[in-house]
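Morning, everyone. Please take a look at the structure on the screen.

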Amino acid sequence: MPPGLRPQNLNDIFQAAAAQTRQKLPELTSNQKVARLYRHSLKTLLSWAIDRDVFNHEASQLRARFDAHRGVNAASAARLLQEGQDELFRMMHPDIYKNIDMPGGSKFMRNPPPPMEVCFPDGNLPKDAPRYTFNPDWSISTPENGRNATGTVLVDFYKKNME
């Protein structure tokens, strides 16, 4: 161990290394924040309600709650959004449902495709070979979507997400 490095500083060093791999999140509008809150609420509801009839009934009640507050002023919208995020945090399932191929799923990266450089070391790729790269969650990486695979990506298996 280097002379200036103490064991209690290892966590700080690990946090700094993780911070360098995280990609900058885009600034969202309030409509996008509400849409994401609604989407995450439905996903949380899907983890709790395993019967489709129960899920449909609860989802329609959730949609009615969102529609009841449509068109409020900005201050009320910010307050309602914060309250909704707090409620979502309280109602999170302890073991949320994840698609098996996504980060946190049981089949995630079980058989990842080999890189094209390994398949075709001479560089002669076939005409039908894909010309794009994938992120670890299998979405196509482009600079426009903000999640490009040009750098390293941190997959947090404890929180079951990709940062």
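Which residues are buried in α2? They are L37, Y38, S41, T44, L45 and S47. Buried means under 20% relative accessible area, exposed means over 50%, and partly exposed is in between, with a 1.4 Å probe and protein chains only.

Some ground rules. This is a predicted model, where local features need pLDDT of at least 70, side-chain atom pairs count only at pLDDT 80 or more, and totals for chains, interfaces and linings use all residues. Residues are numbered from 1 along each chain as its sequence is written, and side-chain values use heavy atoms, leaving out hydrogens and water.

Back to α2. Helices are DSSP runs of H or I, at least four residues, numbered from the N terminus. The buried residues of α2 pack against α3 and α4 (74-90). Contact here means heavy atoms within 4.5 Å.

Now the rings. Rings of Phe, Tyr and Trp (its six-membered ring) pair if their centres lie within 6.5 Å; planes under 30 degrees apart are stacked, over 60 edge-to-face, the rest tilted. The count is 1 aromatic pair. The ring centres of Y38 and F66 are 5.1 Å apart and the planes are at 75°, so this pair is edge-to-face. Y38 is in helix α2 (residues 30-48) and F66 in helix α3 (residues 52-68), so the pair ties together parts 28 residues apart in sequence.

Y38 is buried, at 19% relative accessibility. F66 is partly exposed, at 23%.

One more thing about Y38. The charged end of R63 sits over the Y38 ring, 5.3 Å from its centre. That term requires NZ of Lys or CZ of Arg within 6 Å of the ring centre and within 35 degrees of the ring normal.

Technical notes
Helices (H or I, at least four residues) and strands (E, at least two) are DSSP runs, numbered from the N terminus.
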